[in-house]
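Please report on how the two chains of this model are built and how they meet.

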Amino acid sequence: MYVAVKGGERAIDAAHAWLAEERRGDASVAELSVPQIREQLKLAVNRVMAEGSLYDPDLAALAIKQSRGDLIEAIFLIRAYRTTLPRFGGSVPIDTGAMTCDRRVSATFKDAPGGQMLGPTFDYTHRLLDFKLAAEGEVPAAAEVEAGTAQTPHIMSFLDREGLIQPETDSDTTPPDLTRTPLELPATRDLRLQALARGDEGFILGMAYSTQRGYARNHAFVAELRIGTVAVEMDIPELGFAIEIGEIDVTECETVNQFQGSKTQPPQFTRGYGLVFGMSERKAISMALVDRALRWKELGEDNLGAPAQDEEFVLYHADNIQATGFLEHIKLPHYVDFQSELELIRKLRREAEANNAAPSESAGASGGNLSGKMKEGAAE
Amino acid sequence: MSDYNFAYLDEQTKRMIRRAILKGLAIPGYQVPFASREMPMPYGWGTGGVQVSAAVLTPDDTFKVIDQGADDTTNAVSIRRFFEKTAGVAVTEATAEASVIQTRHRIPEEVLRADQILVYQVPIPEPLRFLEPSEVETRKMHSLEEYGLMHVKLYEDISQHGAIATSYAYPVKVEGRYVMDPSPIPKFDNPKLEMAAIQLFGAGREQRIYAVPPYAKVVSLDFEDFPFEASKADHACDLCGAEDSYLDELIVDDAGGRLFMCSDTDYCSTRRKAGHVGAQGVPLGEDAA
């Protein structure tokens with residue numbers, strides 16, 4: 001006698017309870033607070049905000065706590081929350097030229113108006129484990145100076161004046177919204193940038209790296225990388241003008257790329273662009289390289305068949321929430337499909353064995369008398 | 001859950017989905033792009049079906065969810081609970097009592113009626129996808145009704161294996177126009193695609209909705225000399241004795257002993273309640289664990 005398996009509901013409840021306990025870990029160790037995560041795991045919070053497409057450090061920190069530090073899971077929580085939020089309207093474009101910079105570096109000019117500033121970077125740290133941190137040592141305060149009053153215009157604008165850099169045209173059209181309209185190809189550059197900005201950091205990094213290694217190489221210089229705070233302004237219809245509604249931290253990367261010219265364009269420098277929430281320069285630089293690679297068509301370059309040039313490939317596979325969901329769904333039961341495959345393979349093997357046993361019989365199943373004509377529309 | 005709108009999605013979103021559904025019903029088998037929302041469950045786990053269900057459910061509906069034909073599989077439980085929580089609708093395991101049925105990989109054995117809606121979860125809506133990976137290309141092929149590639153694939157199957165080597169997600173042509181993926185149902189279920197109920201297909205990650213209106217003509221692709229054949233395991237259900245239902249195969253002992261049972265759990269238990277007993281079964285009620 002066989003007793004049919006039951007108990008999906010009980011299993012789910014038990015799994016959730018166990019998960020909650022595992023999330024807390026050893027109860028004799030103090031619990032992490034959301035502000036601790038927000039302040040001390042800021043780069044994780046930044047990534048969750050960027051790929052979750054929602055600028056809210058507290059919610060991102062909560063998501064990281066809830067997801068036990070699994071950042072893709074945290075991004076998923078933020079995305080699922082984000083879709084339920086009403087939209088009041090769109091901001092006016094942020095002015096990154098007016099950014100209060102924490103960091104500003106250029107790889108193309110030794111100095112530029114406004115100066116270079118390293119800011120809080122890992123760049124020149126030696127990657128040696130700091131065991132003092134394990135002992136919970138207090139950090140001495142960093143030296144402070146008065147903030148400079150000099151303007152920090154975009155370094156790219158100096159090249160612009162010489163006419164050496166391919167110009168960008170202003171447009172007043174409302175950019176498309178990937179989260180409100182289905183992705184249709186070919187995509188415009190603003191839509192591509194939107195997809196890259198919320199795309200998986202690892203995927204975008206891999207794509208960008210592939211261009212550096214020769215798959216649609218477009219040697220990029222970092223003309224400017226800046227990280228800092230910008231004001232967000234919004235037009236209020238009742239007032240008739242824009243007011244500042246808050247500030248956000250962003251990372252912006254502009255690359256300048258070699259370009260030999262094509263049938264349609266003279267030799268000049270071209271641009272790649274990356275803009276990401278928070279401090280995330282790996283992502284911003286990667287995004288700029290991939291953006292540049294995807295622009296081959298408008299610049300009249302050759303399609304080299306490189307993955308980073310294929311907008312369908314890049315845009316359809318950059319989203320880690322789509323990717324992880326579909327990848328992990330193969331954990332779900334598939335026994336109905338597997339059963340049908342099982343029967344098919346048994347049948348095919350039976351026929352193959354029968355054919356092998358009687359080799360004298362002619363071709364057999366090799367489709368000798370196919371009419372090749374589809375029985376389209378025939379009534380069942 | 002009073003913080004969320006009825007059935008989770010806001011009314012604007014539901015309206016957008018309903019427009020896609022109506023367009024799908026007007027052009028049977030055509031994949032309508034829709035602005036799929038991020039749901040609180042992962043892509044690939046039924047987000048398309050869930051959004052379609054959310055758009056068609058009303059407070060008076062009775063909802064049933066099956067995965068692999070069973071109401072008790074974990075993801076079916078999870079989706080059923082989601083709508084119990086967010087829509088407060090009545091739920092059932094009885095096929096006949098449900099007005100909306102969300103399914104993954106099966107069509108219920110019981111014949112569906114005109115007052116029922118069957119919602120399919122679809123992983124890859126494009127039947128040509130594994131022949132042509134580019135969406136730009138496949139949309140062009142559909143608009144030109146260029147299905148030669150699919151015919152060649154089926155032909156190559158026959159020349160290589162002596163049979164069409166597709167056992168699930170078997171392609172169909174709807175109303176003589178669009179080739180459609182019926183979702184990964186076993187081909188045993190294909191003949192049931194011509195039915196009285198409305199059939200809606202939702203692919204969340206791929207942002208597509210398509211539909212088969214009641215009694216629309218749905219033909220499984222085949223050749224005159226290699227006609228389509230709906231197949232199942234050559235057994236009767238070991239629990240209820242049914243010979244006409246799709247069967248799951250279970251390994252029941254260390255010696256590799258097999259047992260076959262209906263994949264449609266409601267069909268099986270209804271038969272057992274009516275007194276049908278299979279080779280290894282006992283009347284229902286005596287096996288309460």
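## Sheets, helices and the interface

Helix H10 (residues 281-294) of chain A lies across S2, S3 and S4 of chain A, at about 145 degrees to S4(A). This is a predicted model: local features need pLDDT of at least 70, side-chain atom pairs count only at pLDDT 80 or more, and totals for chains, interfaces and linings use all residues. Residues are numbered from 1 along each chain as its sequence is written, while chains are lettered from A and ligands numbered from 1 in the order in which they are written.

Helices (H or I, at least four residues) and strands (E, at least two) are DSSP runs, numbered from the N terminus. Axes are lines fitted to C-alpha atoms, for helices over the stretch in contact, and angles run from 0 to 180 degrees between N-to-C directions. Two residues are in contact if their C-beta atoms, placed from the backbone, lie within 7 Å.

**Chain A.** Four strands form an open sheet in the order S1-S2-S3-S4, with antiparallel pairing. Pairing requires at least two DSSP bridges between two strands. The twist averages 25 degrees from one strand to the next. Within S3(A), Thr251(A) is the bridge partner of Ile227(A).

Elsewhere in chain A, the axes of H3 (residues 42-52) and H4 (residues 57-66) come within 9 Å and cross at roughly 105 degrees. H3(A) is therefore roughly perpendicular to H4(A) (the class covers 65 to 115 degrees). Residues including Val48(A) and Met49(A) of H3(A) meet residues of H4(A), among them Ala60(A) and Ile64(A).

**Chain B.** Seven strands form an open sheet of mixed pairing, ordered S1-S9-S8-S5-S4-S2-S3. S1 (32-33) and S3 (90-91) of chain B each have a single partner strand, so one side of each lacks a neighbour in the sheet. Phe63(B) has Val100(B) in S4(B) as its bridge partner. Helix H1 (residues 11-26) of chain B lies across S1, S8 and S9 of chain B, at about 45 degrees to S9(B).

| Strands | Direction | Bridges |
|---|---|---|
| S2 (residues 220-236) and S3 (residues 241-257) of chain A | antiparallel | 16 bridges |
| S2 (residues 62-67) and S4 (residues 100-104) of chain B | parallel | five bridges |

**Interface.** How many residues of chain A are in contact with chain B? There are 55, in contact with 65 residues of chain B. H1 (8-24), H5 (71-82), H12 (320-328) and H13 (335-357) of chain A each give two or more residues to that side of chain A. H13(A) gives the largest share, eleven residues.

Notes: Parallel < 35°, antiparallel > 145°, perpendicular 65-115°, else oblique.
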